[in-house]
Amino acid sequence: MKRKLLVPLLIILACAFGFTQEVTWHTDMKKASEIAIQERKPVLMFFTGSDWCGWCKRLQKEVFQTQDFERWAKNNVVLMELDFPRRTPQDQSVKVQNYQLQQIFKVSGYPTVFFVNPEKKSDGRMNLNSLGRTGYIRGGAQEWLAVANNFIKK
């Protein structure tokens, strides 16, 4: 009897853990770049206004918070969030880093997503080679991922 209960319980637990694949969104570009170089993956840089931008929230809900995206992200990219909140407190060093990257990539609207290949130079500086950019794409995760794959498969 115990064995009959144990098998279904193990199956339920395995399924539950299989569906909770949480992805990590980094906020430190240096750390995200180092991980990307080590894992030989591009960095997905998500420029967002998390507490005020409606299209950013829509992109999060329709794409970034789906299982399809989480599976894809774990295998293909290192995630980097560059947030520009209006009400949510943010560490000063993160604000400065995000503003500098916003200026470098000439981001003028949100959401903007850049795909970059980080490269460490011999002098220790980091170079971010752009693979392309996108934003919100109507149609959900599959449509968005089709566009993203065009950038990272180059």
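Is Thr-112 buried or exposed, and why does it count as such?

Modeller: This is a predicted model. Thr-112 counts as buried because its relative accessibility is 3%, and the cut-off for buried is under 20%. In the protein chain as a whole, 43% of the 154 residues count as buried.

Thr-112 belongs to strand S4, which covers residues 112-120. A polar atom of the Thr-112 side chain lies 2.5 Å from the backbone oxygen of Gly-109. Beyond the neighbours within four places in sequence, Thr-112 is in contact with Met-45, Phe-46, Phe-47, Val-107, Arg-133 and Thr-134. Strand S2 spans 43-48, and strand S5 spans 126-134.

In the sheet, the five strands are ordered S1-S3-S2-S4-S5; the sheet is open and its pairing mixed. Strands S1 (25-26) and S5 stand at the edges with a single partner strand each, so one side of each has no neighbour in the sheet. S1 runs parallel to S3 (residues 78-83), and two bridges join them. Within S3, Leu-79 is the residue opposite Trp-25. Helix H3 (residues 54-64) packs on this sheet, where it touches S1, S2, S3 and S4. The direction of H3 makes about 140° with that of S2.

Of the contacts with a separation of 6 or more, 68% are between residues 24 or more positions apart.

Methods: Residues numbered from 1 in each chain as written. Predicted model: local features only at pLDDT ≥ 70, side-chain atom pairs only at ≥ 80, totals over all residues. Heavy atoms only, no water. Buried < 20%, exposed > 50% of the residue type's maximum accessible area, 1.4 Å probe, protein only. Contact = heavy atoms within 4.5 Å. Helix = DSSP H or I, 4+ residues; strand = E, 2+ residues; numbered from the N terminus. Polar contact = N/O pair within 3.5 Å; in protein donor to acceptor, adjacent residues only side chain to side chain. Pairing = 2+ DSSP bridges. Axes fitted to C-alpha atoms, helices over the stretch in contact; angles between N-to-C directions.
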